[in-house]
Each structure stands twice: as structure tokens, then as C-alpha cells.
Amino acid sequence: MVYRNIKWLSEDGTVLDFIGQSTRFNGTKTFDNVTQKATYSDWDKASDTFPAIPERTFSGYTIKGSQPILALTGTPNSPQFTNVEILYTPKKDSREVVNV
């Protein structure tokens, strides 16, 4: 299995949203009892692609910089886990307070 976990976080660590994606690569192992050797089949697919994720908006927050989540192609030799964190800052209230 290859996993990509995407978290949208506020600066204080609050999770605003989360997506977990996964794909599985299957193959078979055959053991020969006479020769005492194992043979392995090819993987059922050479790669699989996780789609790009559009930028998210959250009420009361602004994205910190530009942080695109691009498509990612996983293979049987890819790292098992890829973690992506997108940071957001709280919007500042720009209203002016006037004392009367």
C-alpha cells in the first residue's frame, strides 16, 4: 500500500480538513518446496496516480503562501507514506472601532 495524507491546518495545529488517499500494488509469491526457492510475479500495475487537489478556502482563514497539492504518481517502490500539511492563518479583523 502507498498512502498520501493531506491535512489543512491552522497555525495552532487545529485540523481544518483531512483527506487520506491510498493505492495497493498486488503480486504473488510462489515457494518451490523442492528447490526451496521463492519466485515473485510482476506487480499488477506499474504505477497509480493520486490526483491534484485544488486549493481550499476556509471561513476565517487565509492560506499561508502558495502551497499547491500536485498530482503524485506512486509505484511499488515509493515510500509507503507521504504526508502533506497546508497551513492557514486566522484572518485579522480589519474593522476600525470608533468610540462615540
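Trainee: Why is Asp48 called partly exposed?
Mentor: Its relative accessibility is 30%. Buried means under 20% relative accessible area, exposed means over 50%, and partly exposed covers what lies in between, using a 1.4 Å probe and protein chains only. The value for Asp48 falls in the middle class, so the residue counts as partly exposed. Please bear in mind that this is a predicted model, in which local features need pLDDT of at least 70 and side-chain atom pairs count only at pLDDT 80 or more, whereas totals for chains, interfaces and linings use all residues. Residues are numbered from 1 along each chain as its sequence is written, and side-chain values use heavy atoms, with hydrogens and water left out.

Trainee: How many salt bridges does a search of the whole structure find?
Mentor: The search finds three. Side chains of opposite charge can pair when their charged atoms come close.

Trainee: How do you know that Glu11 and Lys64 meet in a salt bridge, and what does the pair tie together?
Mentor: Their side chains are 3.2 Å apart, N to O, so this distance also meets the limit. Glu11 lies in the loop between strand 1 and strand 2 (15-23), and Lys64 in the loop between strand 6 (61-63) and strand 7 (72-74), so the pair ties together parts that are 53 residues apart in sequence. Strands are DSSP runs of E, at least two residues in length, numbered from the N terminus. Both residues are partly exposed: Glu11 has a relative accessibility of 47%, and Lys64 has a relative accessible area of 43%.

Trainee: Where do the residues of the Arg56 and Asp17 bridge lie?
Mentor: The side chains of Arg56 and Asp17 meet at 2.2 Å, N to O. This pair links distant parts of the chain, for Arg56 is in the loop between strand 5 (48-50) and strand 6, while Asp17 is in strand 2, 39 residues apart. Arg56 has a relative accessible area of 24% and is partly exposed, as is Asp17 with 26%.

Trainee: Which residues line the largest cavity?
Mentor: Arg56 is one of them, and the lining also includes Trp8, Ile53, Pro54, Glu55, Ile63 and Ile86. On a 1 Å grid over the protein atoms alone, a cavity is a set of points where a 1.4 Å probe fits but cannot get out, and lining residues have an atom within 4 Å of a point. The largest cavity holds about 30 Å³ of space.

Trainee: How do the lining residues divide by type?
Mentor: There are seven nonpolar, one polar and two charged. Ala, Val, Leu, Ile, Met, Phe, Trp, Tyr, Cys and Pro count as nonpolar, Asp, Glu, Lys and Arg as charged, and the others, Gly among them, as polar. Glu55 and Arg56 line the cavity, so they supply its charged members.

Trainee: Why is Ser10 called buried?
Mentor: Ser10, which is in strand 1, has a relative accessibility of 4%, so it counts as buried. Ser10 touches Leu16, Tyr61 and Tyr88, not counting residues up to four places away in sequence; contact means heavy atoms within 4.5 Å.

Trainee: Is Asn5 buried or exposed?
Mentor: Asn5, also found in strand 1, has a relative accessible area of 19% and is therefore buried.

Trainee: With which side chain does that of Asn5 make a polar contact?
Mentor: The partner is the side chain of Asn83, at 3.3 Å. A polar contact is a pair of N or O atoms within 3.5 Å; within protein, one must be able to donate a hydrogen and the other to accept it, and residues adjacent in sequence count only if both atoms are side-chain atoms.

Trainee: Why does Asn77 count as exposed?
Mentor: Asn77 is in the loop between strand 7 and strand 8 (81-90). Its relative accessibility is 74%, so the label is exposed.

Definitions and conventions. Helix = DSSP H or I, 4+ residues; strand = E, 2+ residues; numbered from the N terminus. 1 Å grid on protein atoms, 1.4 Å probe; cavity = no way out; pocket = protein on both sides within 12 Å on 5 of 7 lines; lining within 4 Å. Points joined across faces, edges and corners; volume = space filled by probe spheres on them. Salt bridge = Lys/Arg side-chain N within 4 Å of Asp/Glu carboxyl O.
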